[in-house]
Amino acid sequence: VTRLIGNPKHEGLEDMDVDMELDDNETFEKALTETGHTATVFNEEAQALWKLYENKTRILSLSLTEQLRLILEPTLSTKLRGDYRTGKRLNMKRIIPYIASDYKKDKIWMRRTKPSKRQYQVMIALDDSKSMSESRCVELTFESIALVARALSHLEVGQISVVSFGETTRLIHPFEQPFTAQSGANVFAGLSFMQTKTNMKSLVETSIKLFREARQMNQQSDLWQLELIISDGICEDHQEIQRLVRLAHFEKIVLIFVIIDAAGGAMGAENYNSKSKGSSSILDMKEAVFTDQGDGRGPKLQVNRYMDTFPFSYYLIIRRIEDLPGMLSTALRQWFSQAAEAG
Amino acid sequence: MSTDAMDLDSASISAPRVQINLSTRDPTLSVPLQSLRVPTNLKRYGLSTLVNHLLETAKPIPFDFLIDGQYLRTSIDEYLTQAGLSSEKPLDVEYVRSQLPPTYIGSF
Ligand SMILES: [Mg+2]
């Protein structure tokens, strides 16, 4: 039995509630055979890559799902119930009578009977800029994407979209479509980590626009919008971004920044004494700022900590993939409790 | 001198930035290994100001800068453009005592 990290209560979980939806792996195999003839080698590679990272992060992803369920689910009123001929999940209590009746008592399915009161729209924003590959963040980023996307799609609390950003911001997966293994492959195929700029301003602007449109399309009165930005955290125009972050906050869009700090992790380990150039944590990064004091003595130089002006209020710093589920759920819990206090 | 000093005036907070890795072969002038982001419109003078700041020199030492074995005579931004590089990649910058006569930076 696989033990869920940090959640021992869920051993042998829900044995009366068997999820009959295809496992993502089966969906994946199906997608492979369906598109087998037309799929390019490129797509097959992306699918293989997605499968690899999905498998790598499977246990951590389950852990995140369960932690998020505890945070998000009390706000959902939906229950699976009833006896139906078709539905979402099998009602195990009806299985033996079903077989005993020679398959005549076939109302063996449960459905969601009440619409959820609260719906979530989660946008995952991925940094596709070259600094990501330069700072060796790609591996940890792939792991984070697979972990988060899979956990959220298992949670079934709403819609997921994915955008990439760099020089330009691009929508890879829209809210309207379910997030499948093929979507994951499309996300990986859409990333190059070669974009020569990191336009974080454009990302936040575009995100606000996409969230506004998505809100109009969605009839739910209680719609919560959340964006997870996965990036090395390096960007310019901190003041201007901060202004946009406040605007997003005003529009009830929650922004959580996941900083991939691969170099920070490496420095903490055996490489500590090695003189690997510039590979240190974002927490140690400094910034030279020249400002004119207006005293006629010319610009004054200050060397500040980079993170002192970091424009996002909610951020977490990930050095090992194992840290992500716990840190992300802690950040969300903090945000929810503050949102609850604010009413 | 005046054009050289101009780069500081335009180095505003929102200017594009690049990470540099500063190094020197002179052990008496080395700065701690660190990740440092600087405005790309800096030229020799701005970088020299920065190294002096990091060294906490009582009396400024004029420095010259080498990137990929070549003396930096333009702004970092112009160098990146000419070399076909982007500001997404950290830049290795070596500094040496300036070969120019001290009077050049006499008014520093
Ligand atoms: Mg970047």
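Okay, before anything else: when I say two residues touch or meet, I mean their C-beta atoms, placed from the backbone, lie within 7 Å. Helices (H or I, at least four residues) and strands (E, at least two) are DSSP runs, numbered from the N terminus.

Now the caveats. This is a predicted model, so local features need pLDDT of at least 70 and side-chain atom pairs count only at pLDDT 80 or more, while totals for chains, interfaces and linings use all residues. Residues are numbered from 1 along each chain as its sequence is written, and chains are lettered from A and ligands numbered from 1 in the order in which they are written.

Let's start with a pair of helices in chain A. Two packed helices are described by the angle between their axes and the distance between the axes. Axes here are lines fitted to C-alpha atoms, for helices over the stretch in contact, and angles run from 0 to 180 degrees between N-to-C directions. Helix α2(A), residues 41-56, packs on helix α6(A), residues 138-155, at about 75 degrees, and their axes are 8 Å apart.

Who meets whom? From α2(A) we have A:Trp50, A:Tyr53, A:Glu54 and A:Lys56, and from α6(A) A:Phe142, A:Glu143, A:Ala146 and A:Arg150. By class, this contact has four nonpolar, no polar and four charged residues. For the classes, Ala, Val, Leu, Ile, Met, Phe, Trp, Tyr, Cys and Pro count as nonpolar, Asp, Glu, Lys and Arg as charged, and the others, Gly among them, as polar.

Stepping back to chain A as a whole: it has 11 helices and 11 strands. Of its 343 residues, 36% count as buried, where buried means 20 or more other C-beta atoms within 10 Å of a residue's own, exposed means 12 or fewer, and partly exposed is in between, with C-beta atoms placed from the backbone. Among chain A contacts between residues at least 6 apart in sequence, 74% join residues at least 24 apart.

On to the sheets. Strands pair if DSSP finds at least two bridges between them. Six strands of chain A make an open sheet, ordered β6-β5-β4-β7-β8-β11, with mixed pairing. β6 and β11 (315-318) of chain A stand at the edges with a single partner strand each, so one side of each is left without a neighbour in the sheet. Ignoring direction, neighbouring strands of this sheet are turned by 25 degrees against each other on average.

Have a look at β5(A), residues 158-165. Eight of its eight residues are buried, so the strand is largely enclosed by the rest of the structure. β5(A) pairs with β4(A), residues 118-127, in the parallel sense over eight bridges; A:Gln121 has A:Gln159 as its bridge partner, and A:Leu126 stands opposite A:Ser164. With β6(A), residues 170-173, β5(A) runs antiparallel over three bridges, and a hairpin of four residues joins β5(A) to β6(A). There, A:Val162 stands opposite A:His173. Helix α8(A), residues 200-217, lies across β4, β5, β6, β7 (222-231) and β8 (253-260) of chain A, at about 155 degrees to β4(A).

Next, the core: a set of buried Ala, Val, Leu, Ile, Met, Phe, Trp, Tyr and Cys residues joined through C-beta atoms within 7 Å. The largest one has 66 residues, and those touching the most other members are A:Ile124, A:Ala125, A:Ile145, A:Leu228, A:Ile230 and A:Val258. Our friend α6(A) gives the most to this core, nine residues. A second, separate core of 21 residues includes B:Ile20, B:Val38, B:Leu72 and B:Val93.

Which brings me to chain B. The contact takes 25 residues from chain B and 26 residues from chain A. On the chain B side, α1 (2-9), β1 (17-23), β2 (36-39) and α2 (44-55) each supply at least two residues.

How many strands form the sheet that includes β9(A) and β2(B)? Seven, in the order β10(A)-β9(A)-β2(B)-β1(B)-β5(B)-β3(B)-β4(B), with mixed pairing. β9(A), residues 286-292, pairs with β2(B) in the parallel sense over two bridges, with B:Arg37 as the bridge partner of A:Glu287. β9(A) and β10(A) run antiparallel, joined by seven bridges.

That's my tour, thanks!
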